[in-house]
Amino acid sequence: STLSSSSAASDVYKRQIHNVAKIAGVSISTVSRVVNDLDRVAPDTRTRVEKAIRKLGFRPNSRAQALSRKRTDTIGMIVPDFFGQYFAMLMEGAHEEALTKGVHIMVLKAKTPDEKLDAINRLCSEGRADGVILMLSELYPHVLEVAGEIAAPLVVLDKDIRGYRYDNILVDNQLAAYEAAKHFLEVHDVDGLFFVGGSKSNVDSIARARGVFEAIETLKPKAEGRQFFGQGYSYEEGYRIAQAEVLDRIQTGRKYGV
């Protein structure tokens, strides 16, 4: 239904362009150049076309224009969650940059591998997007292999995908966690740190945990270091893990490192 409605919109747009060209006495391609504000149109010709457009009450539709160029002017963005400041900032940044380029961002939520593949197919196979930004924090090589079958460009966030042909944007989570741990160990002179992360398969959590323990081993080998992994990054999950740690310390009599 999406494809049929898109095709109908494109047909209507072509008929309108044809009528404008007929009244202005120019070719359809000339009308298209005027509508899309392109060069290579003589001033008097542009004036005739603009008069014809006003006479017919023709209002170029951005969606139809994109379809006529075989583009959607839309970039799909697939994230695992809408919750949290990080995802909000990520989507806002993509939206602001897209605006400067005259395109739109369509955001879909997909957590599991099957959901991610379905989202990619809906965006690309059904012609809804010109390309996809995929946030892939979990270790899902199958998703990358299947995604390779799509013709649209794909940019992967978060996961290091060396060996695949996609563009890749990464945050150095290990270095960031190292610097945070270094601050606690050196500035606050603590004797212990515990790291709380997402699931054990989350590449961000793995890298951050590695950074914390690298700092301990390098800067203060005698300090206590413990790590905890949960089911996600929600406040509730963090509270549950922290509460369990407090109870464990009370019951065992261990002193607080932090």
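This is a predicted model: local features need pLDDT of at least 70, side-chain atom pairs count only at pLDDT 80 or more; totals for chains, interfaces and linings use all residues.
Strands of a sheet pair through backbone hydrogen bonds, either parallel or antiparallel.

Strand 1 and strand 2 pair over six bridges, in the parallel sense. Within this pair, Met77 stands opposite Val107 in strand 2. The chain passes from strand 1 through helix 5 to strand 2. This β-α-β crossover is right-handed.

On to strand 3. Four bridges join strand 1 to strand 3, and the two run parallel. Here Ile75 has Gly131 of strand 3 as its bridge partner. Strand 3 is joined in turn to strand 4 by four bridges, again with the strands running parallel. Val132 stands opposite Leu154 in strand 4. Strand 4 (residues 154-157) is then joined to strand 5 by three bridges, and these strands run parallel. In this pairing, Leu157 stands opposite Ile169 in strand 5.

How many residues of strand 3 are buried? Five of its five residues are, and the strand is mostly covered. The cover extends to both faces of strand 3. Gly131, Ile133 and Met135 are buried on one side. Val132 and Leu134 are buried on the other.

Thr74 lies in strand 1. Its relative accessible area is 10%, and the cut-off for a buried residue is under 20%, so Thr74 counts as buried. Leaving aside residues up to four places away in sequence, Thr74 touches His104, Met106, Arg128, Ala129, Asp130 and Gly131.

The length of helix 5 can be checked by simple reasoning. At 1.5 Å a residue, its 16 residues should span 22 Å. The end C-alpha atoms of helix 5 are 23 Å apart, which agrees.

Which residues of helix 5 are buried? Phe87, Met91, Ala94 and Ala98 are buried. Seen down the axis of helix 5, the buried residues fall within an arc of 65°, so they line one face of the helix. An α-helix has 3.6 residues a turn, so residues three or four places apart point the same way. The buried residues of helix 5 are covered by parts that include strand 1, strand 2 and strand 3. On the other side of helix 5, Gln85, Met89 and Thr100 are exposed. Gly102 follows helix 5, and its phi is positive, near 75°.

Two further residues belong to another part of the chain. Val41 sits in the loop between helix 2 (28-35) and helix 3 (43-56). Is Val41 buried or exposed? Its relative accessibility is 15%, and the buried class takes values under 20%, so Val41 counts as buried. Val41 touches Thr30, Arg33, Val34 and Arg46, not counting residues up to four places away in sequence. Val41 and Thr30 are 11 residues apart along the chain, and their C-alpha atoms are separated by 7.1 Å.

Lys51 lies in helix 3. Its relative accessibility is 52%, and the exposed class takes values over 50%, so Lys51 counts as exposed. Lys51 and Val20 are 31 residues apart in sequence. From C-alpha to C-alpha, Lys51 and Val20 are 9.1 Å apart in space.

Conventions: Residues are numbered from 1 along each chain as its sequence is written. Side-chain values use heavy atoms; hydrogens and water are left out. Two strands pair if DSSP finds at least two bridges between them. The expected span of a helix is 1.5 Å times one less than its number of residues. Buried means under 20% relative accessible area, exposed over 50%, partly exposed in between (1.4 Å probe, protein chains only). The arc is that of the directions from the helix axis to the C-beta atoms. Contact means heavy atoms within 4.5 Å. A crossover is right-handed if, with the strands pointing away from the viewer, the path from the first strand over the helix to the second runs clockwise.
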